[in-house]
Amino acid sequence: MRPALAVWLALGLLAGTGAEDMCGGRPATSSRSIPAPQLSPEERLSPHMPESLRCDACHAIAFQIEEQLRRAEGKVGRKALSEPDYVEVLERSCSQGWESYGVQELDGEKRLAGPGLTRQESMTVMVTGGPWPSRLSKMCHGYVGERGEAQIYGAHRRGPAALRELLCHGEKGACAGGKAGGPAAPKAMQNEL
């Protein structure tokens with residue numbers, strides 16, 4: 001009797017009748033639907049980084065520059081790089097792929113997500129590729145052109161916070177004032193006379 005039962009179970013499994021047929025239906029599983037972020041026409045089509053994502057983009061760029069410079073310094077024993085070397089590293093930093101970055105929707109707000117960005121949720125859909133890599137590259141090259149390689153490298157040598165301050169939080173930075181989603185600092189009253 002036992003060999004017959006074993007053969008019946010084996011044939012049942014091979015024939016595709018599993019637990020759902022023997023027990024009266026599919027096992028109950030919980031499923032959760034996570035929608036992709038709904039992107040506006042500007043977010044989908046513009047060649048420029050949308051204003052609402054520029055602060056996150058700046059932090060991603062600062063992180064990547066910091067990582068590339070740190071790696072290059074590690075190859076020369078943590079010594080300062082020569083000017084031609086750090087110029088090359090900055091060019092390479094801005095020209096990299098940027099494919100690991102994309103947009104997530106967190107608590108109804110669209111945020112850039114990827115390496116070096118803190119506020120990320122594992123159970124969301126991230127939209128990568130498309131215009132995001134070229135936007136990040138363009139912003140990175142813009143920062144290097146505006147601030148200059150020597151100033152960026154000097155900030156890096158002072159530490160990651162100094163580099164983020166220079167690129168993102170200074171007077172013209174993407175995170176200055178109310179640009180980062182917070183309230184803008186009150187403007188001083190001007191005498192119009």
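Me: Let's start in β2: which residue there is the bridge partner of Leu 106?
Reply: Glu 109 is the bridge partner of Leu 106 in β2. Keep in mind that this is a predicted model.

Me: Okay, and how many bridges pair β1 with β2?
Reply: There are 5 bridges between β1 and β2, and the pairing is antiparallel.

Me: What do β1 and β2 form, and how many residues are between them?
Reply: β1 and β2 make a hairpin, with 2 residues between the strands. In that turn, Asp 107 has a positive phi of about 55°.

Me: What about β3, how many bridges join β1 to that strand?
Reply: 2 bridges do the joining, and β1 (residues 102-106) and β3 run antiparallel. Gly 102 turns up here too, with Thr 128 as its bridge partner in β3.

Me: So what's the strand order in the sheet?
Reply: The order is β2-β1-β3, in an open sheet of 3 strands with antiparallel pairing. β2 (109-113) and β3 (127-128) are the edge strands, each pairing on one side only.

Me: Is β1 mostly covered or mostly uncovered?
Reply: Mostly covered, as 4 of the 5 residues in β1 are buried.

Me: Let me zoom out. How many helices and strands does the protein chain have?
Reply: The protein chain has 8 helices and 3 strands. Going along the sequence, the pattern reads α-α-α-α-α-β-β-β-α-α-α.

Me: And what percentage of the residues is buried?
Reply: Buried residues account for 35% of the 193 residues in the protein chain.

Me: New topic, aromatics. How many aromatic pairs are there?
Reply: Counting rings whose centres lie within 6.5 Å, there are 2 aromatic pairs.

Me: Take Tyr 86 and Tyr 153. Why is that pair stacked?
Reply: The ring centres of Tyr 86 and Tyr 153 are 4.5 Å apart and the planes are at 10°, so the pair is stacked. Planes under 30 degrees apart count as stacked.

Me: Where do those two sit in the chain?
Reply: Tyr 86 is in helix α5 (residues 83-95) and Tyr 153 is in helix α7 (residues 149-158), so their pairing ties together parts that are 67 residues apart in sequence.

Me: Are Tyr 86 and Tyr 153 buried or exposed?
Reply: Both Tyr 86 and Tyr 153 are buried.

Me: What about Trp 98 and Tyr 101, what sort of aromatic pair do they form?
Reply: Trp 98 and Tyr 101 form a tilted pair, with 5.8 Å centre to centre and 50° between the planes. Both of those residues are buried as well.

Me: Where is Trp 98 found?
Reply: Trp 98 is in the loop between α5 and β1. Its relative accessibility is 3%, so Trp 98 counts as buried.

Me: What's the phi of Trp 98 like?
Reply: Phi of Trp 98 is near 60°, which is positive in a residue other than glycine. For context, most residues other than glycine have a negative phi.

Me: What is the nearest side chain of opposite charge to Arg 135?
Reply: That's Glu 42, 7.3 Å away. Arg 135 is buried yet has no salt bridge.

Me: Then which backbone oxygen does the side chain of Arg 135 reach at 2.9 Å?
Reply: The side chain of Arg 135 reaches the backbone oxygen of Glu 43 at that distance. The backbone oxygen of His 48 also lies 3.2 Å from a polar atom of the Arg 135 side chain.

Me: Last one, Arg 164. Which helix is that residue in?
Reply: Arg 164 is in helix α8 (residues 160-169). With 33% relative accessibility, Arg 164 counts as partly exposed.

Me: And how far apart are Arg 164 and His 59?
Reply: Arg 164 and His 59 are 105 residues apart in sequence, but in space they are 6.6 Å apart, C-alpha to C-alpha.

Conventions
Residues numbered from 1 in each chain as written. Predicted model: local features only at pLDDT ≥ 70, side-chain atom pairs only at ≥ 80, totals over all residues. Heavy atoms only, no water. Phe/Tyr/Trp six-rings, centres within 6.5 Å; stacked < 30°, edge-to-face > 60°. Buried < 20%, exposed > 50% of the residue type's maximum accessible area, 1.4 Å probe, protein only. Pairing = 2+ DSSP bridges. Lys, Arg positive; Asp, Glu negative; His and termini not counted. Salt bridge = Lys/Arg side-chain N within 4 Å of Asp/Glu carboxyl O. Polar contact = N/O pair within 3.5 Å; in protein donor to acceptor, adjacent residues only side chain to side chain.
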